Amino acid sequence: MNLSSLNFFRTLRADNKQFAVIGLGRFGKAVCSTLHGLGYEVLGIDTDEKKVTQALNDRIAAHVLQLDSTEPSALQEAGIFEFETVIVAIGNYLGESITTALNLKEGGVSNVIAKASSETHLKLLKKVGADHVVFPEREMGCSLARLLTKPSILERFDLDPDHSIVELLVPEKFDGKTISDLELRRRYGLNLLAVGRADNKFEINPQPSERLRKGEVMVVIGSNKDINRLPI
């Protein structure tokens, strides 16, 4: 996720409890199921009767409809234009995906999030007005590569292609040393934002005299090049 993504998701109201998900393939079902499990009201949509029936049986959403999202009248009749956030989870049918995203924006939907299956697909979705485009396969591949090569990094938030905020296990080399001893800014060009203790609570802007222990968690911000120089 990059900084533009962060700014985008900040525009979603905290009290917005309703989402519509168009496309009930693996990605769409996962989005529906997760949002529904978190207590949000979700409307699932697909043109395929079998997928709609399966979604109803699996109870992955509060409501499920069968309709053609390439038809603006069908979307309007179903009240989809009244949703503030709609996720277009159609990845394999480029024309259907792009037409759906265009219909939603022209219908007045504030936040349209769309799944892309290729770079061309991504560019076209942006051109028709999609507010945020996700590329699950690419993002999953990047995450897997990082997990395999840097298992000590627990979470990574990409600010841009060159800078990140990362949550990582305190390296063995840092065990028992104070934050002041480490001189992270001078030695690595990194800033320490927080330290996670054994009780799963984070201490924000910890004091220089704080001592780090192996097994604890630290959160740092800086360039990816400098992060990669950490002894992990």
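**View 1. Strands β9 and β10 of the predicted model.** Val-195 has Glu-203 of β10 as its bridge partner. The structure shown is a predicted model. Strands β9 and β10 are joined by three bridges and run antiparallel. Strand β9 covers residues 191-196 and is also joined to β11, by five bridges, again in the antiparallel sense.

**View 2. The five-stranded sheet as a unit.** The strands of this open sheet follow the order β7-β8-β11-β9-β10, and their pairing is antiparallel. Strands β7 (153-160) and β10 (202-204) stand at the edges with a single partner strand each, so one side of each has no neighbour in the sheet. From one strand to the next the twist averages 20°. Strand β8 (residues 163-169) pairs with strand β11 (residues 217-223) over seven bridges in the antiparallel sense. Within this pairing, Leu-168 has Met-218 of β11 as its bridge partner.

View 3. Lys-214 and Glu-172 form a salt bridge, with 3.9 Å between the closest N and O atoms. The two residues are 42 apart in the chain and link distant parts of it: Lys-214 belongs to the loop between β10 and β11, and Glu-172 to the loop between β8 and α8 (179-182). Lys-214 and Glu-172 are both exposed. In general, side chains of opposite charge can pair when their charged atoms come close. Five salt bridges are found in a search of the whole structure.

**View 4. The six-stranded sheet as a unit.** This open sheet has six strands in the order β3-β2-β1-β4-β5-β6, paired in parallel. Its edges are formed by β3 (63-66) and β6 (132-134); each has a single partner strand, so one side of each is left without a neighbour in the sheet. Direction ignored, neighbouring strands of this sheet are turned by 20° against each other on average. Helix α3 (residues 49-58) packs on the sheet and touches β2 and β3, and its direction makes about 170° with that of β3. Helix α5 (residues 94-106) also packs on the sheet, where it touches β1, β4 (85-88) and β5 (111-115). The direction of α5 makes about 170° with that of β4.

**View 5. Strands β1 and β2.** Strand β1 (residues 18-22) pairs with strand β2 (residues 41-46) in the parallel sense, over five bridges. Gln-18 has Glu-41 of β2 as its bridge partner, and Phe-19 stands opposite Val-42 of β2. Strand β1 is mostly covered, as four of its five residues are buried. In a regular strand, side chains alternate between the two faces of the sheet.

View 6. Glu-183 and Arg-186 form a salt bridge in which the closest N and O atoms are 2.9 Å apart. Glu-183 counts as partly exposed because its relative accessibility is 33%, while Arg-186 counts as exposed because its relative accessibility is 60%. Another salt bridge joins Asp-226 to Arg-229, with the closest N and O atoms 3.3 Å apart. Asp-226 is buried because its relative accessible area is 18%, whereas Arg-229, at 43% relative accessibility, counts as partly exposed. Salt bridges with shared partners join Glu-183, Arg-186 and Arg-187 into one network.

**View 7. A nonpolar patch at the surface.** Leu-144, Leu-147 and Leu-148 make a nonpolar surface patch of about 320 Å². Leu-148 lies in helix α7, which covers residues 136-149. With a relative accessibility of 64%, Leu-148 counts as exposed, because the cut-off for this class is over 50%.

**View 8. The whole chain, for orientation.** The protein chain holds ten helices and eleven strands. Its C-alpha trace spans about 65 × 35 × 30 Å along the principal axes. Of the 232 residues in the chain, 41% are buried. The accessible surface of the chain comes to about 13100 Å², and carbon and sulfur atoms account for 51% of that surface. Among contacts between residues at least 6 apart in sequence, 56% join residues at least 24 apart.

Key
Residues are numbered from 1 along each chain as its sequence is written. This is a predicted model: local features need pLDDT of at least 70, side-chain atom pairs count only at pLDDT 80 or more; totals for chains, interfaces and linings use all residues. Side-chain values use heavy atoms; hydrogens and water are left out. Patches are made of residues with over 30% relative accessible area and no salt bridge: like charges are joined within 9 Å, nonpolar side chains (Val, Leu, Ile, Met, Phe, Trp, Tyr) within 5 Å. Accessible areas come from the Shrake-Rupley method with a 1.4 Å probe; for residues, only the protein chains shown count as cover. A salt bridge is a side-chain nitrogen of Lys or Arg within 4 Å of a carboxyl oxygen of Asp or Glu. Buried means under 20% relative accessible area, exposed over 50%, partly exposed in between (1.4 Å probe, protein chains only). Two strands pair if DSSP finds at least two bridges between them. Axes are lines fitted to C-alpha atoms, for helices over the stretch in contact, and angles run from 0 to 180 degrees between N-to-C directions. Contact means heavy atoms within 4.5 Å.
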